Amino acid sequence: MSFPLPELPPVPVSVAGTPRAVCPLNGTWDFSLRGSVGGKSGTIDVPGEWEMQGYHVPQGTFAVYRKQFDLPPGWERLKVYVRFDGVSSYCSVRVNGIPAGTHEGSFVPFAFDITAGARPGRNLIEAEVMCGTISDSLACTSQYAAHPVGGLLRKVALFALPLTRITGLTYVTRFDPEYRDAFMNLSCTIAGGAPRESVALSYSLNDAGGATVLRSAHDVMTTAGRGGTDTCTLSVKSPLPWDPEHPNLYTLTTTLIVDGRAVQTNRNRIGFRQIELRGNRLYVNNHPTKLRGINHHEVHPLRGRSLTPALCRKDAELFRAANCNYIRTSHYPPSEELLDACDELGMFVESEASLCWIAHGAAPVWNWRDYRDTAILSYMVRANIENVLAGRTHACVIIWSLGNESRWSPLWERVNSEVKKLDPARPTSFHDQSWGEYNNAGSRADIAVYHYPGFDGPAICEKTLDRPTLFGEYMHVQTYARREIETDPGVRSDPWARTLNQMVDSVYAHPACLGGAIWSGVDDIFHLSAEKICGYGAWGPLDGWRRKKPEYTGIRKSYTPIVVRKIDSPGTRGGVITLQIDNRYNTTNLNELRITAESGPRKIPLHANIAPLGSGILTIDVSGFPPGRPILLSFLDPRGFQCAEEVIAAVAVQPHRAPVRDQGVTLSETPGAFVVRSGGITCAVGKKDGAIGYIMKGDDTVATRGGELILIPHNTDDGGAPGTSGNNYTQDLRPLDYRAEGDFTATSVNASPAGDGTVRVDVRGTFGRRLDGTLAMTFHPGGRVEFRYDFTALVDFTPAEKSLIRQFGLLFTLPSSFDRIGWKRKGLWTVYPEYDPGRLEGTARAKPRVSRFVEEPRRVPNQEWKEDANALGSCDFRGTKDHILRASLTGRRGEEFVVTSDGSQSARAWVDRGAVRFLVAGLNGPGSCTFFTGPRPEFPKGSHMRGAFTIEIL
C-alpha cells in the first residue's frame, strides 16, 4: 500500500500580476444544516467551534458554511487556492457549485486548487462539514472534549499562485563536525511550466538585523506541465544556532523566476539546529538536552478547541515564563500561530498527530473494533503525514509524536516508517508505556515514552541503553478528587510542588531521562451555554482564562534553570557570601545572565561563569549592605524575563505578643464546665466532652466552640462525573462537609492550677474507636493558651485499609464576623508571587459566594484566580496555609484569634452554616487525586498523631 503525499503549497508573500497574494476568509459565514427541517441557521464566526456558538449538529448531519467573496484583481490569470488550517473532521468544498475537493482529518491544514470554479467578481464558497467521522473516532477528539468538536476550527484563506509555481519547500540544517559552519539542504518543488520556459530559483538568507548572509541562484529543469524539483546544499559561515535559550532566526527568501521575471516570492523563518540521538541521550547542536515540559491542549472556555493567534502566543509566553522549554501538543498538531510563537520565543515542540487511545480502555470503540485492522492504516498514516507537512519548516519542532496512549502494532510500524521517510532529521516518539505494565507492546519509535512514573522513574530510564526515555505525561496536577479540591484549593500549592521539585531533581540526576511534560497546561473546561459546562476540568497551572494558579508557581520554581543549594545556610566569610549554584540551562553559561543582589537601597551586579548543566560558585560581597536585612537575588534570562529569584537571610518572624493587662489566671467551675479567666479572656471547657464551649474577650464572643479533634480522610469524589467521557463535573460540584461533632468521646476531663501561675486542663478520650490519647490545654497569664495533643492509632491508617488521612488537627468555630485571615509561614520557596494563595504572608477575606455552579457559565472573570469563591469562601481564604508561624482570624471590631507555631502546623479557615471554622492541622498531607505522584503519610496501628501550637486573643 502506497501513501501519496497531499499537495500543500506554501503560501506566498507576493505573486506577479496582483497587488495581494492572500485573501483571508475569516469572519462571518452563513451557517445551516443540510437537509434539516426547522434546524437552527444563521451566521457563525470562522474560525470557531459550532457547538461553542450555540449550534448543535446531530451525529451524521452536515453543517453547511457559505461565504461570498470577490476575486482580487489579477487573480483571473492565476491559479487560485483555498487553504483550511483545521476542520473537524470531514470537509467537502465547492466554489460556485464546482467541487473542489474533500478532506478527512482534523487540526491539520489542507488546500484545494479552486481555479476551475473561481471567476472574476463575486464568488460563493461552500464547505460542508461533518464531525464524529472516523478521524474524530481515531483521535477521540469529541469524546475527549465531552462535546462534539466540529467546524472550521482554524483560519481559512485564499491565495494565488502563478501558472508556473512553487508547490513545496523544505529544508534541513546541519553543522560541520566542529559545529561552527552550517549547511542547509533545500528542496523546492515546481509545478506547471510551459514549453521552452526558462525557470530559475533565487535564494537569499538574511539575519535578524536584515543583513544578507547568503545569496544563491539555480536554474531548474522542468517538464512542460509537470514541473521539476531543485535540490541544493547551501553553506552558511558561522550562523547563530537556534535553541530555546537562543532562538536565533534567519529569513529565507525564495524567488521563482520565469523567463527572467520574478513571478513568486516566499519567505520562511529558518533556525539552524541539528538533532542527534546518541545512545540513550538526545543532543541539539551537540549539547545534551533536558526537556522541562508541559502538555498543551488548545482550549478556551468560550472558544473551545479554536484559539486566536493572540491566545496561542500568550500560551507560549506564559509557559516560557514558567521556565518550560518544551511543549507537547496533546493530542493533535499545533496551529501555525503556536509554532510561529515557539520559533520566535524559544520553545521546543513535540508535535503530536491527531490519534489517541487506539486500543486503550478509555475509548469504548475498541471493545468491538480491531486495532490491527488494516482498514484504518491509511487514516493513521495520513494523520501523521499531514502533521509533518504542516510543521516541518519550523525549527521549534524537534519530535514527531505518532499518537497518544495507544497499543503498538504492525500498523504503527508502518506509520513510523512513513514519518521517518518523510523527515529523517527528527526523531519519533510513541506515547504508550515503553517499560511499564500497562499497554506495553514493544514500540520502536526513536524515543521511548512512559506516562506517570513514580520517583524511581528517572533511575529506571538508565536501563534503556539504545534510546532516550521521555515522560510524555507526568506530575499530573491534582484534578480528580474534585470535591476535595473545591473544598481546599491549598492542595494545589506546596504539597504538589514539593513532589514536582523532587522529580525534576531526579530527572537531572539521570542522563538517560530526557525530561517530561506536566499534565496539563490549561484547564480543560468548555462553557457550552449559560446552563452547561463540560470538560475534564481544572488540571492546569493556568485556568481556561489564563489566570495563574498555585501550580504555576510550583512549575516556575521547580523548572528554574538556576538552582541555589542550601539557600537557608549560605557560606559566609569576611563579608562575602558564597552560594553553590547548579546551572540547568542546556546551552547557556550563567555569564550571559544579568544577576543582581539587592538589600534596602543598595543593588549590585553579580557575575557567575558556570557552564550549561554544570555547577559552580556565586559570590556576593555584602559588606556594603544594611546589616540584618534580607538580600534579594534576581536572575534575568538573556531573553528578557526573570527566571529565578531567591531571598537570603530573611528575618525570622517573631510571634506577636498582646499587651499583658492582667497577669493572673483563675479557674472556676459551673455544673457543666471549667471556666478559665486570664488577660481579659474567658474560656469554658466542657466537663463531659473536653471541648471549649466558648471563648470571650470581655463581653464579645470570639469562639463558640474549639479544641475538637478532627480527622480529614482522603476523598477521591469526582463530583459525579466519570473521567473518560460525558464529563460534566462543573455543573453541580459541591464542597465536602468536614465536621468534628460527635466523633470524640472524653473518658476524663480534669483542670487544676499549676505552680508556675498557669492553669492546665487535661482531656483523655477516644476518637470513634480509631484513636486514643490526650489533649492538654495550658492557660498562661495574659490570655495565651498552649495546646498539645498526642493520640495513638488503634487501627491502620494505610493504603491497604483505604483509610489514609490527609489532615488532622484541632478545630475551632468562630462567629461569621471573623471573615479575614492573615498569615506568615515557612514555604517551599523563599519568594512567592502575590497572585498565589500560598504566598509566605498575606491577608484574605472570605467573601463566600453561593451559586448553582462552581463557576458562572460564560462569564469572563475580572479578578485573580485566588479571589474566586464558593460557599466556603474565596480560594485565598479557604485554602490551607502550610507550615504557619502565625495565622489569625480577625473580626469586624478588630478582635484577632491568633495561632502561633514553630512551622510544624498548618491552618485552614472556611465559612460553614453561619460560622467560620478554623482548623489548626498537625498534618497537612498532599491531596487525594489518584494521579498524585509521591508518598502520602501513613499511620499504622500504634503510631502517634501529635500537634502543638498556641492561641491568643488580641
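**Ground rules.** I am reading a predicted model, in which local features need pLDDT of at least 70, side-chain atom pairs count only at pLDDT 80 or more, and totals for chains, interfaces and linings use all residues. Residues are numbered from 1 along each chain as its sequence is written, and side-chain values use heavy atoms, with hydrogens and water left out.

**Strand S29.** I began with S29, residues 397–404. Strands here are DSSP runs of E with at least two residues, helices are runs of H or I with at least four, and both are numbered from the N terminus. Is S29 enclosed or open? I found eight of its eight residues buried, so the strand is largely enclosed by the rest of the structure. Buried means under 20% relative accessible area, exposed means over 50%, and partly exposed lies in between, with a 1.4 Å probe and protein chains only.

**Its partners.** Next I looked up what S29 pairs with; pairing needs at least two DSSP bridges between two strands. S28 (residues 348–352) pairs with S29 in the parallel sense over four bridges. S30 (residues 428–431) is also parallel to S29, over three bridges. Ser401 turned up in both pairings: Glu352 stands opposite Ser401, and Ser401 stands opposite Ser429 in S30.

**The crossovers.** I then followed the chain between the strands. S28, helix H5 (residues 377–391) and S29 form a right-handed β-α-β unit. S29, helix H6 (residues 410–422) and S30 form a right-handed one too. Right-handed means that, with the strands pointing away from the viewer, the path from the first strand over the helix to the second runs clockwise.

**Helix H6.** I checked the length of H6. Its 13 residues reach 19 Å from first C-alpha to last, close to the 18 Å expected at 1.5 Å a residue. The expected span is 1.5 Å times one less than the number of residues. Which residues of H6 are buried? I listed Leu411, Trp412, Val415, Asn416, Glu418, Val419 and Leu422. Seen down the axis of H6, they fall within an arc of 165°, so they line one face of the helix. The arc is taken from the directions from the helix axis to the C-beta atoms. Pro410 and Lys421 are exposed on the other side of H6. H5, S29 and S30 are among what covers the buried residues. Contact means heavy atoms within 4.5 Å.

**His476.** I found His476 in the loop between strand S32 (469–474) and helix H8 (482–487). His476 counts as buried, at 2% relative accessibility. Leaving aside neighbours within four places in sequence, His476 is in contact with Tyr452, Trp496, Trp519, Trp539 and Phe931.

**Cysteines.** How many disulfides does the structure hold? I found zero, a disulfide being a pair of cysteine sulfur atoms within 2.5 Å. The sulfur of Cys23 is 17 Å from the closest cysteine sulfur, in Cys91, too far for a bond. For Cys356 the closest is in Cys140, at 5.0 Å, again too far for a bond. Cys23 is buried at 8% relative accessible area, and Cys356 is buried at 0%.

**Cys875.** My last stop was Cys875, in helix H11 (residues 875–878). Cys875 is buried, with a relative accessible area of 5%. Beyond neighbours within four places in sequence, Cys875 is in contact with Pro489, Pro837, Trp865, Lys866 and Asp868.
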